[in-house]
Amino acid sequence: MRGLLIKDFFCLKKQLTNYVFIIVGVIVISILYVLSYNFGNIHAGMIEMVDSGQGTAADVTQLASVALLFSMLIPIACTGDITNVITADENASFYKVAAALPVSIGKRVACRFITGYLFIAIGVAVDFIMTIVLSALTNIISFGKFCGVIVSFASIMLMYVSLFILFVYLLEKGSNIYANLILLLMGILIYAVANFDKLKAFLLGSDDNALSVLYNQATEFMFHKSYILFIAAIIVSGGTYFAAVYIAGRKRGVA
């Protein structure tokens, strides 16, 4: 199994290199943003907004927190893409070699899941370092809320990677784009159904605060109920693994 994991990370070598540059940029920009919010031009601009009546202090804080939340989304979001592993295996016809290896189908499928999870773990580690630094520099969001956001994003990416791998085994070779598209549509549909009333009010223009309410609900959920997403991620990960093993066992020519 160790060899398969090493092979997968070699497939992600170029992606990991690009990832390092992205993360360094995100960390530097986030720190500069927080310093500017506390002492620089952003701080002065937001005070001017409050003084001129363009927004309240709560509005200013919310805007600042949105920027930080998006910056924390980037490290984990970048590590959620393992498409290169699937594509490299298909281009090299690795399934021909995999069939001859003394490794069971269950272990081969497990390696693919573990690769995705380890990649996400890298993003979590980077986010945690950012949390320690940013929470020491600003009081926009507390350390506990930062951690809640990390757990929420990581749980979502765990479910995404698990379902993506399942669909790759379920669909034909070269179906990576379709797997991603299906997951995107599923995510949009689930969110739309769960927030149907608010989205309907926004689209019809009957509630000007609908988007603000949706944002507040989402952030409060991430801050205080991230454990629900984590439990869901564990259930989805376990279910998709056993389903993928079953599908791989029924099909021939899978890596």
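Helix H9 gives the largest pocket the largest share of its lining, 9 residues. Helices here are DSSP runs (H or I, at least four residues), numbered from the N terminus. The model is predicted: local features need pLDDT of at least 70, side-chain atom pairs count only at pLDDT 80 or more, and totals for chains, interfaces and linings use all residues. Residues are numbered from 1 along each chain as its sequence is written, and side-chain values use heavy atoms, with hydrogens and water left out.

**The pocket**

The largest pocket holds about 1400 Å³ of space. A pocket is an open set of points on a 1 Å grid over the protein atoms alone, where a 1.4 Å probe fits, with protein on both sides within 12 Å along at least five of seven lines; lining residues have an atom within 4 Å of a point. The volume is the space filled by probe spheres set on the points.

Lining residues number 31, and Phe153, Ile156, Gly187, Tyr191 and Leu229 are the closest to the pocket centre. At least two lining residues come from each of H4 (57–79), H8 (143–170), H9 (176–194), H11 (210–224) and H12. By class, the lining has 26 nonpolar, 5 polar and no charged residues. Ala, Val, Leu, Ile, Met, Phe, Trp, Tyr, Cys and Pro count as nonpolar, Asp, Glu, Lys and Arg as charged, and the others, Gly among them, as polar.

**Helix packing**

Axes are lines fitted to C-alpha atoms over the stretch in contact, and angles run from 0 to 180 degrees between N-to-C directions. Contact means heavy atoms within 4.5 Å.

| Pair | Axis separation | Angle |
|---|---|---|
| H7 and H12 | within 9 Å | roughly 140° |
| H8 and H12 | 8 Å | about 15° |
| H8 and H9 | 9 Å | about 135° |

H8 is therefore oblique to H9. H8 and H12 are roughly parallel. H7 and H12 are oblique. Angles under 35 degrees count as roughly parallel, over 145 as roughly antiparallel, 65 to 115 as roughly perpendicular and the rest as oblique.

The H8 and H12 crossing is left-handed. H8 passes H9 in a right-handed crossing, and the crossing of H7 and H12 is right-handed. Left-handed means that the near helix is turned anticlockwise from the far one by less than a right angle; right-handed means clockwise.

In the contact of H8 with H12, residues of H8 including Ser155, Ile156 and Met159 meet residues of H12 including Leu229, Phe230 and Ala233. This contact divides into 17 nonpolar, 7 polar and no charged residues.

H7 (residues 105–137) also meets H12 (residues 226–250). Among the H7 residues are Val109, Phe113 and Tyr117; among those of H12 are Tyr241 and Val245. The class count is 9 nonpolar, 4 polar and no charged.
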